[in-house]
Amino acid sequence: MKFVKNLSIAIVSAGFMVLAAAAQAKSVSLEYDRSLGSPGTEPGQILLPQGIDVQAGTGYIFISDSANNRVSVFDQNSNFVKTIGSLGTGAGQFSGTADLAFDKLTGNLYVDDVYNSEIDVFDADGNYLKSFGSFGPQVEGRPFYGPGGVAFDAVGNFYVADYTLDAIKVYDRDGNLIKTIGSSGTGAGQFQGPSGLSISEKSGNIYVTDQLNNRFQVLDPQGNPLLVVGGEAGSGRGQLNGPVAIEVDDEENIYVGDTLNNRIQVFDKNGNYLTEFGTGVPNAQPEPLAPGASLPEPGQFNWTVGAHYNDGKLYVSDFYNSRVQVLNVKGGRTSVPEPTPVLGLGLLGLGVAVQLRKRQQKAVMSLGELDKTAV
């Protein structure tokens, strides 16, 4: 269960802060619809879900069932359909799964195989085709490494966030590395722990959660920085704390899994805050629910680490609660005044930094105990 332990998120100070300014933005609201899965290892149960995608044609929902070392599949009525993969190092096997995505041009499924340090490719029916890539190696002080967020551009190039190397790797459909985007740092276009990744079908812009900088960035299709939102860790509107998931819809509204704040925040394409959804589970610890445990109330999260938008719905991985919450996205044309992000260098206050370090240490200790008892 080393994989579970290594998913603890390290938070460091550095980045950009959000300054308020008047702006006009479309109103968007989120409401709970239903949930998928429950904690456990049996078929139809999931354990620490991460990446999500919806298969064209079938409408099946594919979930990276990370601690079960597989992909779990459900239909639109929340019924379990099948699993893909198992624990191991062989063809079609996984050692920890993270994000996943369908190539819309071929229908093939690409899955992060974290500790095997590769991307595994399956056909539309779940049959193994091939593997490629190399990620890491682990860097001291980084508890999680390997391939992170994944996405395809309009011509079928495949983008992978390499968390350890602080860069985005771009491959062609055959698995050949074309280029890398970004470098390590706190400036615009630099990253510290790039995690979530999404590409707009409308503009081709690239959206990346810059986890350890407590922000997200928007890059143009060539990888040039356009926008930086967040920076100083916080829980206010527009502030982020260890964000992992990111997704963009048809109108280029941006959905960010504000992980340690246990919520989804929504921004317009210019980075203006629109709304948020979710709260933390009262007194919850950063550790998985036991199989058969009662699930928290709808809308309560214990780390939001995956998000996928499809046909008016947002699918959110509720990590430690081992379920996916499905939200209805309702948008309007009413304009509302909201803050606009302005680049500005900011540092975490000493008290906040100490609090976050204590929080991280507690999470690592809790997961360490889990590691001792897990199979």
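In this predicted model, Asn69 has a positive phi near 55 degrees and lies in the hairpin of β3 and β4, where four residues separate the strands. The two strands, β3 (residues 61–65) and β4 (residues 70–74), run antiparallel and are joined by five bridges. Within this pairing, Phe62 is found opposite Val73 of β4.

Val71 has Ile84 of β5 as its bridge partner.

How many of the residues of strand β4 are buried? Five of its five residues are, and the strand is mostly covered. In a regular strand, side chains alternate between the two faces of the sheet. In β4, Arg70, Ser72 and Phe74 point one way while Val71 and Val73 point the other way, and all are buried.

Asp53 belongs to strand β2 (residues 49–54). Asp53 is buried and has no salt bridge; Lys104, the nearest side chain of opposite charge, is 6.7 Å away. What does the side chain of Asp53 make a polar contact with? The partner is the side chain of His308, at 3.1 Å.

A further hairpin is formed by β16 and β17, with six residues between them; Gly204 in its turn has a positive phi of about 80 degrees. The pairing of β16 with β17 (residues 206–210) is antiparallel and runs over four bridges, and Ser198 stands opposite Tyr207 of β17. Why is β16 (residues 194–199) described as largely enclosed by the rest of the structure? The reason is that six of its six residues are buried.

Taken as a whole, the protein has two helices and 28 strands. Of its 375 residues, 58% are buried. Among contacts between residues at least 6 apart in sequence, 54% join residues at least 24 apart.

The average pLDDT is 84, and 81% of the residues score at least 70. Over residues 1–25 the pLDDT stays under 50, and the model has 114 contacts beyond four places in sequence for this stretch. Residues 332–375 also have a pLDDT below 50, with 89 contacts in the model beyond near neighbours in sequence.

Definitions and conventions:
Residues numbered from 1 in each chain as written. Heavy atoms only, no water. Buried < 20%, exposed > 50% of the residue type's maximum accessible area, 1.4 Å probe, protein only. Lys, Arg positive; Asp, Glu negative; His and termini not counted. Salt bridge = Lys/Arg side-chain N within 4 Å of Asp/Glu carboxyl O. Polar contact = N/O pair within 3.5 Å; in protein donor to acceptor, adjacent residues only side chain to side chain. pLDDT = per-residue confidence, 0-100. Contact = heavy atoms within 4.5 Å. Pairing = 2+ DSSP bridges.
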